[in-house]
Amino acid sequence: MTRHHLILGVSALLGLIASSAQAATPLIDKVTFGDAASETAHAVDAKASELVTGGLGIAARRLPPAAPGERFSGELKFSLAVDPAIQNYASIRLWGGDVNDGKLVLFCDGRQVGYRHLGDVEILDIGTQAPPFAGRFTYRTFPLPITLTKGRQRLDCAIRASGPFAVYTQKFESFQKPMAQASRPIYALYVHADPFLDSGDAAGQAPPLAAAPTVGAEVLDELKARVNREIERKLAQPGPVELLEAQFLARAYRLDWTRAYRNPAVLKKLVQAGDVYAVRFQADPTSVFVDGSRTNPDWEVLGPYGKVLRLLGADVAPYLDAPVEGGQGSRREAYARMLDAGLRYALTHRRLYTNQSMIVDLQGIYWSNEGLRALASPLARPEPQVRRFLYESMGLAPWTGSLDAAGKPTFSSSAADTGSFRSADGYRLFTDAGLSKELGYVGSYGEILDWAAGVYLATAAGGGQGDPVLREQLLKMVRARMAFRYPGIDAEGAATMLLEAPIGWRDPVYPGATTYVQKSGWDNTPFQVAVATRDPQLMAIARQALDAGQYYAVLRDRLKDRNQRTTIGLLDAYDEWLAVKAWPKSGVKLPMTPGQPDFVFADPEDGVVAIKNGDAVLYASLYWRANCGVNRLARFHYQTPTIDRIATIASRVDFEPSGKTCVRRATPHISAGSIPIVAYPGEAPAALEGEVLPVANGPPEARYKDQDNPYAGRGQYYEAAYGPYRIAMNAGTKAVVVDLPKAAGERVDLVSKRKLAADATSLTLAPGATAVIWSPGR
């Protein structure tokens, strides 16, 4: 067994030092904005700001746009005291009732502290899309790079505000949106030695709850009317429908409340569409994966039309042996040729990330083949041969990648890969606990239960039960994510459950969306998985959302989006509502619901922990945005009834070194990863530029790009301390002995629910085990 000591690791340039060595100076400095004495003491230059009265009647400063249409504010400048010899942390105090999606960025000594987009150290504030913590204050904590503070007594700093960010763009003009409103009020900035800040400042309290959101079942009438308007519009248009519209009409054809139900005009419209796709393919075979009318056509190819053919079944059969209008051959033959071409392309262009893998394997591969089977084409593959790809995308088998010309797995995303990328032989897309790996825990991006449910339902012939193995895996995924919904208050003041976002690798928003069974997105409804599986626990949680009125609120908000894809995604919402409404009420609720038993969920493969301890909720990602190397950082989100804290802190990560390193770049846009870099005009360099991160060893057969390596920053053992909690996690294959510091009071391991003796000096962690040591008096 290996021994591990409860100390925090040291990082090359951050100089991350154990909090136990810093306890003598818990508060190094504090700037109180709006307080004349504090501003004078810190040489505050507030000309670009305005003084406001904020939460609890407390003074604060905010930054208006520099000029109408500008993307940035002016700067709020000040001087900040730091300790020259230790790791300093900084925290900003903000009001939890703010709704403001603008950004706040800290600059010190001409460098940007934190990264704009999905950095392991974030900018000062990423904004809010809804009130994250109504009536109370929220704190965001981050380490100040030791390259800035070493040997220094003070730093010259400034805060600048901007408008919100866009995504999936490399252009400054489209990424950085104009600043249309003033920034959030800034109350105070603290510098402290212990990563856990207890400021002692007034906290506030939650407001009285509203009974429910101000919307009810009438929203279902609006939804049905919208769906039927879309159906009428599609049937009335003279030209063919696009691929996803065809799938929409085919699904609506089976729903008795729609105007598409058993409507012969639907069949004619869908055959017309198939003819157009076939003629297009005959003229240009690349059209199966190049289509400007769709997002990512190279993932889906013509699989959605294969699904149309299976859904319509015998009803479309009379049309299939007639000739293609404007093309060559019978429909049966022409449709088969285009579906087969798409299938062959998809088999040689699979994707590794879980949602992308599911889309390719379900839409591109499985539904293409199901279309061939519906056509009774000799080009169809045996169904079990194709279902194995669904097993891989659901984490039931190792991901084997694209097929080469001989039909053999390449463990790569493309059969034409030059050798720069190869997945490990045993790499699975989900952890044993049921969470996706991207690369660690993801909040919104991990809500791929819609695609997982689609995979399961695809195997349900004739509307019956699907593959039982896929069903059990789907339920495992859902139950794992149940721990990541926590109690909150919505914009109308009603109780809700929110998706945990602050510890997510790919979550640039706060707070997360209202989520019970699953997050409602473009292509799904809030009750999809519950109704698909009729699992009693999930149906009860769906009933919890319905009884709280939040199902109606989610649908109302979804319907504000006029996008056609939203209409398509909500098609099954009415029938699912009927099923859940008829389900009997029970005491089963989401595990984080107030009044439910305390628990700990831990997943060492993703390095993530969720803890309910009385009325406190704690989330931690000990494997945190380490795309290219071991950064020895952990992310915490800790909420009590009075204070909300989000903190990036030093942690211990033990790993097997590969001998390689990753050097932080000068860009302040993103710390690592293959997301495109957006350059700002005259931007300051990243404060962490030049830090050298060691790269952990991976399987010998694996080859990954430097910036997105699932092994590069992963540890075999993690350890971090925050407030009254110490977390030790064994992600390795050998038992470890964890040395415990001396304790002045009671300690409890919340995982085993065992009290630790005051003189206990160690504990043993088995492979895959986690300990959460809670010191109530801390």
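Helix H11 passes helix H13 in a left-handed crossing, where left-handed is said of a crossing in which the near helix is turned anticlockwise from the far one by less than a right angle, and right-handed of one in which it is turned clockwise. Helices (H or I, at least four residues) and strands (E, at least two) are DSSP runs, numbered from the N terminus. The model is predicted, so that local features need pLDDT of at least 70 and side-chain atom pairs count only at pLDDT 80 or more, while totals for chains, interfaces and linings use all residues. Residues are numbered from 1 along each chain as its sequence is written, and side-chain values use heavy atoms, with hydrogens and water left out.

Two packed helices are described by the angle between their axes and the distance between the axes. For H11 (residues 354-374) and H13 (residues 449-458), the axes come within 9 Å and cross at roughly 25°; axes here are lines fitted to C-alpha atoms, for helices over the stretch in contact, and angles run from 0 to 180 degrees between N-to-C directions. This angle makes H11 roughly parallel to H13, given that angles under 35 degrees count as roughly parallel, over 145 as roughly antiparallel, 65 to 115 as roughly perpendicular and the rest as oblique. On the side of H11 the contact (heavy atoms within 4.5 Å) is made by Met358, Ile359, Leu362, Gln363, Tyr366 and Trp367, and on the side of H13 by Trp451, Ala452, Gly454, Val455 and Ala458. By class, the contact of H11 with H13 has nine nonpolar, two polar and no charged residues, where Ala, Val, Leu, Ile, Met, Phe, Trp, Tyr, Cys and Pro count as nonpolar, Asp, Glu, Lys and Arg as charged, and the others, Gly among them, as polar.

H11 also packs with helix H10 (residues 331-347), and the axes of these two helices come within 9 Å and cross at roughly 150°. That angle makes H10 roughly antiparallel to H11, and the crossing of H10 and H11 is left-handed. From H10 the contact draws on Ala336, Leu339, Asp340, Gly342, Leu343, Ala346 and Leu347, and from H11 on Val360, Gly364, Ile365, Ser368, Asn369, Gly371 and Leu372. Sorted by class, the residues of the contact of H10 with H11 are eight nonpolar, five polar and one charged.

Another helix pair is formed by H4 (residues 218-236) and H17 (residues 550-559), which pack at an angle of about 35° with their axes 9 Å apart, in a crossing that is left-handed. Here Val219, Leu220, Glu222, Leu223 and Arg226 in H4 meet Tyr551, Tyr552, Leu555, Arg556, Arg558 and Leu559 in H17, and the residues of this contact of H4 with H17 divide into seven nonpolar, no polar and four charged.

We turn now to the sheets. Nine strands form an open sheet in the order S2-S11-S6-S9-S18-S17-S16-S15-S14, and the pairing is mixed; two strands pair if DSSP finds at least two bridges between them. At the edges are strand S2 (29-32) and strand S14 (599-603), each of which pairs on one side only, and the twist averages 10° from one strand to the next. Within this order, strand S16 (residues 616-621) and strand S17 (residues 633-639) pair in the antiparallel sense over five bridges, with Val617 standing opposite Gln639 in S17.

An open sheet of six strands has the order S19-S22-S23-S28-S25-S26, with antiparallel pairing. Its edge strands are S19 (652-654) and S26 (754-756), each pairing on one side only, and its twist averages 15° from one strand to the next. Three bridges join strand S25 (residues 747-749) to S26 in an antiparallel run, and the bridge partner of Val748 in S26 is Lys755.

A cis peptide bond with omega of about -25° joins Glu438 and Leu439, and Leu439 is found in the loop between helix H12 (383-393) and H13. Another cis peptide bond, with omega of about -5°, joins Tyr510 and Pro511, and Pro511 lies in the loop between strand S13 (495-499) and helix H15 (528-533).

Seen as a whole, the chain has 19 helices and 28 strands. The radius of gyration of the chain (taken over C-alpha atoms) is 27 Å, close to the 28 Å that the globule rule gives for 778 residues, so the chain is as compact as a globular protein of that length; the globule rule is 2.2 Å times the number of residues to the power 0.38.
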